[in-house]
Amino acid sequence: MNLTKKIIKNHLVSGSMEVGTEVALKIDQTLTQDATGTMAYLQFEAMNVPKVKTELSVSYVDHNTLQSGFENADDHKFLQTIANKYGIVFSPAGNGICHQVHLERFGIPGKTLIGSDSHTPTGGGIGMIAFGAGGLDVACAMAGQPFYITMPKIIKVNLVGKLRDWISAKDIILELLRLESVKGGRGKIYEFAGEGVKTLSVPERATITNMGTELGATTTVFPSDEITKDFLKRQNREKDWTEITADKDATYDGEITIDLSALEPLIAMPHMPDNVKKVKDLKGIPVDQVCIGSCTNSSYADMILTAEVLKDKKINKNTGMTISPGSRQVFSMLVSSGKFFNIINAGARVLECACGPCIGMGQAPKTKAVTLRTFNRNFEGRSGTKDAQVYLCSPEVAVAAALTGEITDPTSLFGAKPKIELPEHFYINDELFQKPTNDCEIVRGPNIKPLPKFEPMPESMEADVVLKVGDNISTDHILPAGAKILPLRSNLPAISEYTFGAVDKDFVARAKSVKNGIIVGAENYGQGSSREHAALAPRYLGIKFVITKSFARIHLANLINFGIIPLTFDNPSDYELIKLADKIEFKDIKNIITHNKDLIIKVNDKPVKLNYTFTDRQKEILCAGGLLNWIKEAK
């Protein structure tokens with residue numbers, strides 16, 4: 001048995017591990033962050049459960065830390081007090097990015113974790129089966145309910161050889177993205193194996209599992225071995241270690257081999273993480289900004305490497321540079337090492353331990369800037385500047401560009417790579433985590449609005465096409481992040497006004513002008529962030545159907561959770577038939593879905609067959625008008 005199935009088997013509540021069938025899994029741990037957490041906890045409250053039922057639930061503040069108004073601070077107080085009441089550990093602003101901190105202090109090999117952030121699979125770097133999910137799914141897990149997924153294929157990624165100097169874990173995941181694409185991982189879990197695994201530290205493994213999300217994968221996972229044990233020992237958590245590896249005769253549904261010794265420095269060009277090229281082929285492109293950090297590359301090793309390279313050097317006068325340590329632990333160790341001075345003296349700006357520029361929360365580049373970032377996404381406009389050219393790369397490539405002012409292959413610039421020695425014991429200060437005492441009144445600011453109530457699915461309905469979009473529409477397209485919009489995450493009426501604003505400024509008005517709306521998309525609709533607001537806001541605006549060629553996993557689940565019916569074209573070419581403002585009648589829709597009947601609609605007098613694959617549970621959720629309605633009905 002492979003290690004993925006070993007962990008799933010130990011957490012299987014119902015279903016069988018047959019590819020394509022639904023399985024329900026017991027969840028050991030949950031995490032939320034402040035951009036998605038407020039809504040998740042409002043949903044948890046609505047379930048009337050007195051205390052979380054997981055082994056551990058942690059609420060992190062790491063996204064909305066730019067406090068330019070009262071909204072973010074109010075949400076943070078709400079999160080602090082609700083955590084105290086319901087038995088949740090609270091990690092305040094400045095303590096670090098959820099994925100980095102969870103890996104350091106809470107992740108346990110062999111456990112299951114879901115988080116209301118799509119990069120929760122970072123936990124796979126320590127041998128967890130970790131899923132990104134919508135906030136409502138996380139709320140359900142905290143209430144003691146299982147997490148439902150379609151059993152994916154398990155793909156073995158066989159790593160052979162060893163990385164050469166100035167090649168890093170970021171290059172491994174960029175190579176996998178080059179091979180598989182941003183939609184190649186749909187319906188798959190990537191499990192890493194082979195002799196090359198032993199050459200990678202836990203932070204390096206976590207870089208890979210973090211960005212495995214960009215493949216569209218269900219999750220990604222590394223074995224828990226002596227490398228994992230060593231990392232936990234340095235974190236004073238050796239007791240949490242369990243060895244979990246695949247059996248020697250384990251079988252898989254597919255295999256990919258990557259020769260680490262053959263890799264070169266890679267870079268993802270605008271505006272997609274799979275638009276991967278060799279750095280040497282882009283040599284000489286002027287660079288305006290470099291940002292090192294985010295949950296992908298903000299470990300102690302990443303920071304120390306950056307500091308070592310910057311020693312006695314100055315950043316190019318035409319290039320701005322920012323550094324974001326991933327956690328207070330990383331920041332403290334960087335300062336105490338004495339090498340923090342190198343970063344400051346070189347001219348870099350040091351930001352707080354938070355997501356920051358990765359989600360457009362500050363450091364938006366100038367008009368048409370070229371910016372190199374060690375982040376995980378480079379979707380158009382995500383940086384805060386719509387026409388910015390965002391490239392994704394390793395810290396090695398980023399710091400080379402900061403020094404030269406242009407895209408530069410670090411293997412041609414530097415000599416031997418500095419050997420980074422991790423301290424025998426990491427700096428530990430858990431006093432900043434606030435343990436729940438269950439004696440606190442919940443504080444709600446005026447920006448926190450009540451949950452909306454959605455009606456059940458009618459027997460039949462007529463709907464209007466209010467938007468038609470193309471391939472790879474991300475949740476950033478649907479509902480952007482950034483300093484202007486993120487503070488409204490707990491205020492659905494306000495945030496819904498920004499829905500599809502970067503795609504079609506008339507969408508909101510058009511959606512409000514009809515009773516029932518339809519969105520038509522193409523391939524890989526809803527890729528990217530797990531933000532359930534990208535389903536919740538359209539539902540609030542009256543969207544009842546989304547018809548596409550294919551969906552991204554988390555967004556598909558979020559649509560169902562909020563009662564939007566996701567459908568796919570039986571014949572992908574029928575996408576061309578549907579036009580903006582078309583009226584489509586869905587006769588007997590409730591009966592059709594309930595009884596698995598063929599769904600044929602008329603588009604300008606032409607029949608179009610639409611497909612759907614819902615479990616009995618999902619049918620009941622859709623008929624009820626959403627997951628919360630279904631839970632209340634069940635009670």
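**Strand and helix partners**

Colleague: In β17, what is the bridge partner of I323?

Modeller: V350 of β17 is the bridge partner of I323. This is a predicted model, where local features need pLDDT of at least 70, side-chain atom pairs count only at pLDDT 80 or more, and totals for chains, interfaces and linings use all residues. Residues are numbered from 1 along each chain as its sequence is written, and side-chain values use heavy atoms, without hydrogens or water.

Colleague: What makes β16 and β17 a pair?

Modeller: DSSP must find at least two bridges between two strands, and 2 bridges join β16 to β17 (residues 349-350). β16 and β17 run parallel. Strands here are DSSP runs of E, at least two residues long, and helices are runs of H or I, at least four, numbered from the N terminus.

Colleague: How many bridges join β15 to β16?

Modeller: β15 (residues 289-292) and β16 (residues 320-323) share 4 bridges and run parallel.

Colleague: Why is α6 called roughly parallel to α7?

Modeller: α6 (residues 169-180) and α7 (residues 202-211) pack at about 30°, with axes 8 Å apart. That makes α6 roughly parallel to α7, because angles under 35 degrees count as roughly parallel, over 145 as roughly antiparallel, 65 to 115 as roughly perpendicular and the rest as oblique.

Colleague: Which residues of α6 and α7 make the contact?

Modeller: With contact meaning heavy atoms within 4.5 Å, α6 contributes A169, K170, I172, I173, L174 and L177, and α7 contributes E204, T207, I208 and M211.

Methods
Axes fitted to C-alpha atoms, helices over the stretch in contact; angles between N-to-C directions.
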